[in-house]
Amino acid sequence: MFECKERSRTTWGSHIFLLIPALTYSSGGILEIGVGHNSSIILNSFSVNGRRRYMMIEEDHAWLQEMRLILPPNEHREMICNAMDISTPYENDRWGLAFIDGPYLLNRRVDVIRGKVKDCAKYVVCHDSCGTGTHSVRRAIEENYKFYYHFEHAEPGTSIGSNFAPVDWVKAFTEPYQRDPRNE
């Protein structure tokens, strides 16, 4: 397992190895907590093309406004800026997929993972899941989800968890990326 490192452009988008298969495998609404360039464009496309409800929750109002300008129109999308309690807007709904990302406020992401999202989303994908400390996303996934899988071949790691369905299917999507081509 690798150590969490400072974010660099070479690691942006490493979550696609789990996010795209999870979007393909899931149905129902899409919840994004912590808005990002790569993830929001992908999630917005799946929402528009699949006519899936898509809720974006972001703590940074300026960043959310910037994303509003970048993303194409989507009648199924809701954008919410809520810096006080990011669980409130979604906790009473059922989601096919929740994606959690955002700034390196690991304790906030761990709070979300341990909170109500585990009870309202069939699959939860969390980016930046490396590390083993008190506020470890990886640890929170393992402690709060019946089924989970960690993809660590592309830094800074991405995990998927579910309390409703096994996630073994994701291994078929990630296995080709875990082999070292130098050994073949």
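Q: Is V48 buried, partly exposed or exposed?
A: Buried means under 20% relative accessible area and exposed over 50%, with partly exposed in between (1.4 Å probe, protein chains only). V48 comes in at 34% relative accessibility, so the class is partly exposed.

Before going on: this is a predicted model, where local features need pLDDT of at least 70 and side-chain atom pairs count only at pLDDT 80 or more, while totals for chains, interfaces and linings use all residues. Residues are numbered from 1 along each chain as its sequence is written, and side-chain values use heavy atoms, leaving out hydrogens and water.

Q: Which residues does V48 touch, leaving out those up to four places away in sequence?
A: V48 sits in helix α2; helices (H or I, at least four residues) and strands (E, at least two) are DSSP runs, numbered from the N terminus. V48 and H76 are 28 residues apart in sequence, yet 6.9 Å apart C-alpha to C-alpha. With contact meaning heavy atoms within 4.5 Å, V48 touches P73, N74 and H76.

Q: How are α2 and α3 oriented to each other?
A: Axes are lines fitted to C-alpha atoms, for helices over the stretch in contact, and angles run from 0 to 180 degrees between N-to-C directions. Here the axes are 11 Å apart at an angle of about 50°. Under 35 degrees is roughly parallel, over 145 roughly antiparallel, 65 to 115 roughly perpendicular and the rest oblique. α2 and α3 are therefore oblique.

Q: Which residues of α3 make the contact with α2?
A: On the α2 side, you'll find H37, S40 and I41. From α3 come W63, E66, M67 and I70.

Q: What is the orientation of α1 relative to α2?
A: Their axes are 11 Å apart, at an angle of about 10°. In the contact, I16, L19, I20, L23 and T24 of α1 meet S39, I42, L43 and F46 of α2. The angle makes α1, relative to α2, roughly parallel.

Q: Which residues have the most contacts inside the largest nonpolar core?
A: A nonpolar core is a set of buried Ala, Val, Leu, Ile, Met, Phe, Trp, Tyr and Cys residues joined through side-chain atoms within 4.5 Å. The largest one has 26 residues, and those with the most contacts inside it are L43, L97 and I160.

Q: Which element gives the most to this core?
A: Elements supplying at least two residues each include α2 (37-50), β2 (54-58) and β4 (95-100). The top contributor, with 4 residues, is α1.
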